[in-house]
Amino acid sequence: MRINLLGENNNKANALTVFVVTALFCFIGGHLRMPQELSLFWPVNALLAGMIVRFPFLHRSGIYLISYLAMVLNDLVFSGWASQSFTINFANIIFIFIVASLLIKHSMPVVGLRRPGKALQIFPACLLGSLLSATWGTLAEGATIGENFLPVWSDWVSEQFSTGVLLLPFLLTLPARFSLHLSSYRLKKLLPAVAVMVSIIAAALIDGAGSLTFPLPALIWCAIVYPITVTSLITLITGVTEIVLVVNGVMNIQGNDELLAMSYLVSARLGIATVAISPLIVAVSMDAILQLNKQLALRANYDFLTRLLSRSGMYEQLRQMDDSAPGNLHSAGVMLVDIDYFKAINDSFGHDSGDAVLEEIASRMRSVIGDQGMLCRFGGEEFVVVFFNHERAALFQIAEQIRHAIIMRKFLLQGNTVGITVSIGIASKTRPETNRVETVNALISAADKRLYHSKRNGRNQTSPLVETESEQPL
Ligand SMILES: Nc1nc2c(ncn2[C@@H]2O[C@H](COP(=O)(O)OP(=O)(O)OP(=O)(O)O)[C@@H](O)[C@H]2O)c(=O)[nH]1
């Protein structure tokens with residue numbers, strides 16, 4: 001049996017769940033309270049804000065009212081606060097409302113934040129939420145400006161802000177169905193998490209002003225290696241651990257530690273070093289990602305074997321030319337070059353030899369064509385050369401130069417000297433009316449017919465579009 005704790009049209013279940021969650025976490029938060037001070041952690045605000053962002057149908061005044069009543073009730077029963085609980089708890093609602101409104105407004109997906117860019121919006125949302133909530137909370141506590149306002153206010157801000165920033169990324173990136181495949185986490189993959197633990201231990205031993213930042217590089221390492229949810233969880237645990245260690249005096253940020261007495265400067269220097277190395281790690285990772293992007297783009301637009309333009313790369317360039325200089329065409333020509341009996345080369349000398357032939361033919365074609373035309377490996381053993389504003393006779397001449405460049409020097413395949421030939425079909429059109437992409441498409445079909453003509457007539461020859469059919473292809 002499946003019980004739905006929350007549902008878009010299930011107002012009773014929603015109200016009950018929000019009430020129980022608020023009361024439970026207020027109770028927990030209350031028991032983390034330090035004497036005379038605010039809570040060590042006050043998770044309920046971030047928790048409710050996270051729930052509302054993930055289930056935006058909870059973003060309703062009724063739900064905020066129920067949450068507020070649960071907070072007040074908890075304080076009346078457990079804290080012994082009377083009228084103050086009505087005013088102070090309004091500060092919590094301010095935080096929840098502001099954070100939820102801002103994050104929902106930025107249209108985060110209901111199933112969680114998958115993109116880190118979205119996760120970064122948590123920071124300003126929590127900052128604004130904690131500033132406004134702290135202002136109300138401090139006044140509600142009876143602090144007066146000019147006297148004790150600033151210390152109380154800064155306590156509120158830091159408590160709300162740190163809990164929000166630590167908890168929300170985890171809550172909002174948690175997948176709807178959570179299944180962690182432990183087997184896929186090999187030992188090597190645990191290293192970043194181990195590094196975080198070691199850095200926390202080092203921070204607790206060394207102490208001093210810099211110690212809080214020690215886990216930073218290890219946390220960035222986690223961010224590079226682990227999914228965003230796991231990183232958020234490790235960050236949450238690290239933050240909570242550090243606060244607990246500081247509160248209990250295990251991590252002494254003033255630096256006067258008896259266990260391992262070190263100069264405060266040592267800690268500060270180490271802290272500065274960890275801060276300094278962190279942006280560098282991010283920069284190196286970003287650089288690697290950019291390089292990878294470039295390689296992927298190149299891979300799509302260029303043929304890996306011959307390093308010529310691929311079919312998609314050719315169309316991409318044609319599109320760019322159409323965009324930058326539309327309609328500016330005097331004439332267009334296409335040459336289709338196909339290696340003769342290439343299957344026999346593969347069969348006789350192996351696929352590697354076939355690849356070597358493709359590379360060599362591409363290189364010879366490149367040296368004949370230079371920058372006169374756009375050379376592309378169209379697929380298999382077929383090449384396309386596109387020319388703009390070339391005379392028909394010039395195209396035939398270039399085709400014949402290509403054919404001769406291939407016959408002239410024989411190929412050495414596995415110790416055998418092999419003569420290889422190509423067949424060529426040409427089509428051209430003066431003053432085409434359509435754009436380059438459409439013009440080239442039509443010319444390729446026409447050139448293909450001429451190529452078939454070359455093959456049928458015995459191969460190793462060039463067949464241009466004859467004058468009488470010259471206007472047919474477009
Ligand atoms: N080595 C190698 N072979 C390829 C590559 N791409 C396609 N081929 C092979 O090229 C051959 C093309 O064969 P066919 O289309 O029958 O053409 P052909 O043998 O050249 O015959 P004709 O074109 O009629 O002269 C096939 O055997 C493909 O496997 C490649 O990248 N490397």
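Let's start at the ligand: one of its oxygen atoms sits 2.7 Å from an N or O atom in the side chain of Arg377. Keep in mind that this is a predicted model.

**Around the ligand**
- On its own the ligand exposes 670 Å², and the protein buries 66% of that.
- Strand E1 (331-339), helix H13 (342-349) and helix H14 (351-369) are the elements that each give two or more residues to the shell around the ligand.
- H14 gives the most to that shell, with 4 residues.
- In total, 16 residues surround the ligand, and the closest include Asp355 and Lys455.
- Sorted by class, the shell has 8 charged, 4 polar and 4 nonpolar residues.

**The largest pocket**
- Its volume is about 1,200 Å³.
- The lining takes 29 residues, with Val165, Leu216, Leu219, Thr231 and Thr235 nearest the centre.
- Among the elements giving two or more residues to this lining are helix H7 (149-173), helix H9 (216-225) and helix H11 (264-301).
- H10 gives the most here, with 8 residues.
- By class, the pocket lining has 21 nonpolar, 7 polar and 1 charged residues.
- Where does the pocket lie? Both domain 1 (1-176) and domain 2 (185-301) give residues to its lining, so the largest pocket lies between them.

How values were computed
Residues are numbered from 1 along each chain as its sequence is written. This is a predicted model: local features need pLDDT of at least 70, side-chain atom pairs count only at pLDDT 80 or more; totals for chains, interfaces and linings use all residues. Side-chain values use heavy atoms; hydrogens and water are left out. On a 1 Å grid over the protein atoms alone, a cavity is a set of points where a 1.4 Å probe fits but cannot get out, and a pocket is an open set with protein on both sides within 12 Å along at least five of seven lines; lining residues have an atom within 4 Å of a point. Grid points are joined across faces, edges and corners, and a volume is the space filled by probe spheres set on the points. Ala, Val, Leu, Ile, Met, Phe, Trp, Tyr, Cys and Pro count as nonpolar, Asp, Glu, Lys and Arg as charged, and the others, Gly among them, as polar. Domain bounds come from an automatic or database domain assignment. A residue is near a molecule or strand if one of its heavy atoms lies within 4 Å of it. A polar contact is a pair of N or O atoms within 3.5 Å; within protein, one must be able to donate a hydrogen and the other to accept it, and residues adjacent in sequence count only if both atoms are side-chain atoms. Accessible areas come from the Shrake-Rupley method with a 1.4 Å probe; for residues, only the protein chains shown count as cover.
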